[in-house]
Amino acid sequence: MKVAKIYIVLLTALIGLTGCSRVDDFHDDPNRPKSVDAENILPGIEVNAFSTIKAEAALASRQLTYINGVNAQQYYNWQRGSFGVYDNIKQVEKMVEEANKKGGKEYIALARFFKSYYFISLTETFGDIPYSEAINTANFYPKYDDQKSIYKNVLNELALANTELSNLNTPIRGDIIYNGDLLKWRKLINSYRLRILMDLSKKADDPDLNVKQTFANIINNPAQNPVMESSNDSGALPFYNLVNNRYPFFNSNDLQTAYYMEQSFVDKLRTSKDPRLFKMAEKKTSTVGTSPSDPFSFYDGLYGSGDLGQNSTKASNGLASRINPRYFNDPINEPSLLMGYAELQFVLAEAAVRGWINANANTYYLNAINASMTFYKISPTDVAVYLAQPTINLQPGKEIEQIMDQKHTALFFNTGWQIFYDQRRTGFPHFNTDGPGILNNGKIPKRWMYPSSEINNNNTNLNNAITKQYPAGDNINETMWLIK
C-alpha cells in the first residue's frame, strides 16, 4: 500500500501544480494532460496542505535560531507575503471539476475542507483577502472580502463537508492521508472546525458568529460531529525513505550547520525537566556548566532576539545545542501534521477554561501532554515522572498561559504557523524581543504586507481593503479584525 501511495504522489507531481501566482492566470499547457481523474489530483493537494514543517515558523515562534546571517523571521523584519496559496486553491477547483464529471461527491466534500484551509491560511496572514470572487477566472480584479464574512462562510463550508461525507459510504480513492477512511476525514474536519472557532476567541460574543454555542454543539453531538479520539486520528503526512517522499530537511546542510535551539525554549524545557528536549535537541559540545547528575545541563540555546555575532560566537564555542541531528539524518522522522490529536486536546482545554464547554480543563490539558509525549516516543515511565510534578497541572489564573506554553512545546517544528498565531491571539507564550539583535522596533509583527503582485494587478481593490482595515496603511504591525 505504501508503494501505491508513493506512486500516486509521484504521478501527481508530474501532472500537478501550476506555477502561476494568481488564480486568474491559468493557461493550458500542451505538455500536460487536460483531463485527470480526481483521485489522481487529490494526493498532490494533500501533500501541499499537510506539509507544515516550516523552519521560518519555528524561528519566528522562538523554537529555533539561525546563525548564517540576519534572518527576517527570527528578528521580526518580514515585509511582503505571497498569494501563491491561490495556486493550491486553483488545483482544488480542478479536482472539483473532474469530480463533477463522474459524480465524485467525496472529492467535492474534501474540496470544501481544502479550500477552507487555504483561505484561512491566507486571511490569517494578511487580513481581508479575495474570497468570493477569487476563483472566478473571468474576473481579473477580484474584490476583497472582510475577515468576518470569510470565517463565517468557511465554518458553513466545513459543516457542509462533514454532512456530505456522512451521507457517503464509498472509500476515497487516491487518499494518502487516511487511506480512504471517511470517518477519519470527518474527525479531522470537525476538529479543524474547533480550531477555527478557537481562533475566533476574541469574537466569541459576536451574535453573527455564535462561536461558543457552535463549539459546544460540535462537542455535544459526537454522532453528527465526530472529532479525533486518539493520535491515530491525527491529520498526518508520513514520510518514506524513497526519493521525493523523505523528510523535507533530510540531508539539509543548512539545518545541520545553521540551526540551533532557541535559548528561552530550552530554558523552559530544562526548568520543567521535560524529556522531549532530548528528542528535539543535540547536546552542546562544551561541558562548561554541565553536571553528570543532571542530564538537562548538557543543553542550551541561542537567544532568539540576541545579537547575531554573539550568538555565532556562543555556537562556535560549543555552548549551544543544535537541533537534534535526526532532523537532517533521518529520512523518515515524525510525520508532518496539519492538525494533530494533541492540538485538539489543547483546544478543548482552552474551551473548558473559557467556559465554552462543561468539562475538566486539566483532563484535556494532561491528555494533550500525553499525546505529545507519545508523538515523540517518550517512555511511559518518563512521562509519569514528568506529569507527577505539581507545577505541571493547571494553576488557577494561569491556565491559558500554561496551555499555550505546553502547546508551544508540542508543536515544535511542526504544524506550520499555528503556535505563532495562537501567541498573537493570546499573548502566550512570551516571545523575547529584548535582545540587541531585534528589528521592527522590538515589536512582534501581527501580519504580512500584501504581495507586490496585487499592487501591480489589482491596485484599486487592494487600496480599498487597506484603507478599510488599517489606519496606518499596509504595515506589518497593524491589527487585523481577527485579533482586535
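Is Lys-283 buried, exposed or partly exposed? I will come to that in a moment, after a word on the model.

This is a predicted model, in which local features need pLDDT of at least 70, side-chain atom pairs count only at pLDDT 80 or more, and totals for chains, interfaces and linings use all residues. Residues are numbered from 1 along each chain as its sequence is written, and side-chain values use heavy atoms, with hydrogens and water left out.

Now Lys-283. At 48% relative accessibility, Lys-283 counts as partly exposed. Buried means under 20% relative accessible area, exposed means over 50%, and partly exposed is in between, with a 1.4 Å probe and protein chains only. Lys-283 sits in the loop between α11 and α12, the latter being residues 308–316. Helices here are DSSP runs of H or I with at least four residues, strands are runs of E with at least two, and both are numbered from the N terminus. Not counting residues up to four places away in sequence, Lys-283 touches Phe-298, Tyr-299 and Ser-321. Contact means heavy atoms within 4.5 Å. Gly-397 is 114 residues from Lys-283 along the chain, and their C-alpha atoms are separated by 35 Å.

Next, Tyr-259, in strand β3, residues 259–261. Tyr-259 has a relative accessible area of 8%, so this residue is buried. Leaving aside neighbours within four places in sequence, its contacts are Ala-55, Leu-59, Leu-64, Thr-65, Tyr-66, Asp-254, Arg-322 and Ile-323. Ile-323 is 64 residues away along the chain, with 6.3 Å between the two C-alpha atoms.

On to the helix pairs. Helix α2, residues 38–50, packs with helix α5, residues 105–126, at an angle of about 25°, and their axes are 12 Å apart. α2 is therefore roughly parallel to α5. The axes are lines fitted to C-alpha atoms, for helices over the stretch in contact, and angles run from 0 to 180 degrees between N-to-C directions. Angles under 35 degrees count as roughly parallel, over 145 as roughly antiparallel, 65 to 115 as roughly perpendicular, and the rest as oblique. The crossing of α2 and α5 is left-handed. That word applies if the near helix is turned anticlockwise from the far one by less than a right angle, and right-handed applies if clockwise.

Which residues of α5 meet α2? They are Tyr-107, Leu-110, Phe-114, Tyr-117 and Tyr-118, and the residues they meet in α2 include Leu-42, Ile-45 and Phe-50. By class, this contact of α2 with α5 has ten nonpolar, one polar and two charged residues. Nonpolar covers Ala, Val, Leu, Ile, Met, Phe, Trp, Tyr, Cys and Pro; charged covers Asp, Glu, Lys and Arg; the others, Gly among them, are polar.

The second pair is α14 and α17, which pack at an angle of about 175°, with axes 10 Å apart. These two helices are therefore roughly antiparallel to each other. Among the residues in the contact are Phe-346, Val-347 and Val-353 of α14, and Ile-400, Ile-403 and Met-404 of α17. The contact of α14 with α17 divides into eight nonpolar, one polar and five charged residues.

Both helices also meet α18, residues 418–426. How many residues of α18 are buried? Nine of its nine residues are buried. They pack against α3 (55–60), α5, α7 (182–199), α14 (341–354) and α17 (399–410). After α18 comes Gly-427, with a positive phi, near 85°.

Leu-366, Ile-369, Asn-370 and Met-373 of α15 make the contact with Val-383, Tyr-386 and Leu-387 of α16. The contact of α15 with α16 has six nonpolar, one polar and no charged residues.

Tyr-386 comes up again with Ser-272, which is in contact with Tyr-386, Gln-389 and Ile-392, leaving aside neighbours within four places in sequence. Ser-272 is found in the loop between α10 (263–271) and α11 (276–280), and counts as buried at 16% relative accessibility. Its side chain reaches the backbone oxygen of Lys-268 at 3.1 Å.

Last, Asn-362, in helix α15. A polar atom of the Asn-362 side chain lies 2.9 Å from the backbone nitrogen of Leu-394. Not counting residues up to four places away in sequence, Asn-362 touches Asn-393 and Leu-394.

Definitions and conventions
A polar contact is a pair of N or O atoms within 3.5 Å; within protein, one must be able to donate a hydrogen and the other to accept it, and residues adjacent in sequence count only if both atoms are side-chain atoms.
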